[in-house]
Amino acid sequence: MPLIDHLLASAAVRKKIWQLWYPFLTRRLQRDDVLFLNYAFEENPPRALPLDPADEPNRACIQLYHHVATQIDLRGKTVLEVSCGHGGGASFLTRTLRPARYTGLDLNPRGIAFCRERHRVDGLTFVQGDAEHLPFPAGAFDAVVNVEASHCYPSLPRFLSEVARVLRPGGAFLYADFRFNSVIPEWDGSLASCPLTLRAQREINAEVLRGMNRNSERSMQLIVRHLPGFLHALGRDFAGIRGSRIYNAIERDELSYRSYLLEKR
Ligand SMILES: C[S@@+](CC[C@H](N)C(=O)[O-])C[C@H]1O[C@@H](n2cnc3c(N)ncnc32)[C@H](O)[C@@H]1O
């Protein structure tokens with residue numbers, strides 16, 4: 001195995017890379033007010049989700065959050081989002097689904113500083129922290145939201161046990177992410193053996209592909225504007241541009257993008 005593959009196989013090295021990559025992105029993308037870092041979602045036919053005009057440019061990314069978070073009614077609930085990124089989803093869900101309190105957490109300190117400055121919404125706060133060591137007491141939340149981030153964590157079982165710890169009994173884990181086919185048995189195994197009960201699971205490859213198509217042009221403009229040439233291929237993958245490696249993998253069903261509802265026992 002080449003040295004680079006050995007290095008990337010190490011969870012600690014992968015975590016270090018994310019710790020450098022996301023603050024690097026925030027420094028550039030905040031200039032263009034980029035509020036979402038996910039591959040997006042669109043149903044067929046598209047859902048007529050009513051949006052404020054200011055949210056309209058982010059429709060496809062918002063639709064992913066809406067799909068995941070509306071699996072239960074969040075009104076009046078105390079919600080934690082782990083890996084809130086640039087906070088666009090946290091702001092949208094707090095404004096529209098009316099939880100009592102919504103806390104967005106992310107490992108990226110620059111992203112959290114951006115969120116605090118950018119999203120001033122009643123009931124919404126942001127905290128810097130690690131998905132595997134959540135800085136909250138047991139049973140503090142009615143629901144935990146997690147969108148397209150768990151593939152970054154060194155240990156999914158460690159994260160799931162933290163989710164179970166901070167949820168009250170009966171609390172909901174509203175979750176979406178993707179895995180390449182080779183590691184799906186491990187993903188399924190972690191979910192089956194964690195202290196949460198699976199209530200719903202859906203493959204959303206077709207919807208994510210439509211979301212990527214919808215966002216490709218805008219994402220490509222951001223890549224050209226903000227990334228040096230040698231990072232363009234990486235940026236195309238990261239953003240899920242039409243024809244990128246990740247886009248093709250979804251199209252060929254070489255990976256599975258799924259949404260889940262799990263419940264704390
Ligand atoms: C693809 S982005 C998704 C962000 C956001 N959920 C969205 O949809 O826009 C992944 C996020 O995971 C965060 N992340 C990576 N490792 C983390 C960790 N160990 N703990 C908390 N957040 C982490 C990154 O900083 C980044 O904001």
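Predicted model: local features only at pLDDT ≥ 70, side-chain atom pairs only at ≥ 80, totals over all residues.
## Starting at Arg214

Residue numbers start from 1 along each chain as its sequence is written.

Arg214 sits in helix H8, residues 205-226. Helices (H or I, at least four residues) and strands (E, at least two) are DSSP runs, numbered from the N terminus. Leaving out residues up to four places away in sequence, Arg214 touches Ala40, Glu42 and Ala60; a contact here has C-beta atoms, placed from the backbone, within 7 Å of each other. Arg242 is 28 residues away from Arg214 in sequence, and the two are 9.3 Å apart in space, C-alpha to C-alpha.

## The sheet

Now for the strands. Seven of them form an open sheet with mixed pairing, in the order E3-E2-E1-E4-E5-E7-E6; strands pair if DSSP finds at least two bridges between them. At the edges are E3 (124-128) and E6 (196-203), each pairing on one side only. From one strand to the next, the twist averages 20°.

Zoom in on E4 (residues 141-147) and E5 (residues 167-180), and you'll find parallel pairing over 6 bridges. Ala143 stands opposite Ala172 in E5, and Val144 stands opposite Phe173 in E5. To get from E4 to E5, the chain goes through helix H6 (residues 156-166), and this β-α-β crossover is right-handed. Right-handed means that, with the strands pointing away from you, the path from the first strand over the helix to the second runs clockwise. E5 also pairs with E7, this time in the antiparallel sense over 9 bridges, and there Arg179 stands opposite Ser256 in E7.

## Helices on and around the sheet

Which helix is largely enclosed by the rest of the structure? That would be H4, because 7 of its 10 residues are buried. The buried ones are Gly88, Gly89, Ala90, Ser91, Phe92, Leu93 and Thr94. Their cover includes H3, strand E1 (78-82), E2, E3 and E4.

H2 (residues 11-29) and H5 (residues 109-118) pack at an angle of about 35°, with their axes 7 Å apart. Axes are lines fitted to C-alpha atoms, for helices over the stretch in contact, and angles run from 0 to 180 degrees between N-to-C directions. Tyr22, Pro23, Thr26 and Arg27 from H2 meet Pro109, Arg110, Gly111 and Phe114 from H5. By class, the residues of this contact are 4 nonpolar, 2 polar and 2 charged. In this scheme Ala, Val, Leu, Ile, Met, Phe, Trp, Tyr, Cys and Pro are nonpolar, Asp, Glu, Lys and Arg are charged, and the others, Gly among them, are polar.

The loop between H2 and H3 holds Pro45. A cis peptide bond joins Asn44 and Pro45, with omega about 0°. Asp33 lies in the loop between H2 and H3 too. Its phi is positive, near 55°, in a residue other than glycine. With 12 C-beta neighbours inside 10 Å, Asp33 counts as exposed.

Arg98 follows H4 and has a positive phi, near 55°. Look for Arg98 in the loop between H4 (88-97) and strand E2 (101-106). Is Arg98 buried or partly exposed? Partly exposed, because it has 15 C-beta neighbours inside 10 Å.

## Around the ligand

Finally, how many residues surround the ligand? The count is 22, and the closest are Asn38, Ser83, Gly85, Ala131 and Ala149. A residue is near a molecule if its C-beta atom, placed from the backbone, lies within 6 Å of it. The shell splits into 12 nonpolar, 6 polar and 4 charged residues.

Notes:
Contact = placed C-beta atoms within 7 Å. Buried ≥ 20, exposed ≤ 12 C-beta atoms within 10 Å, placed from the backbone.
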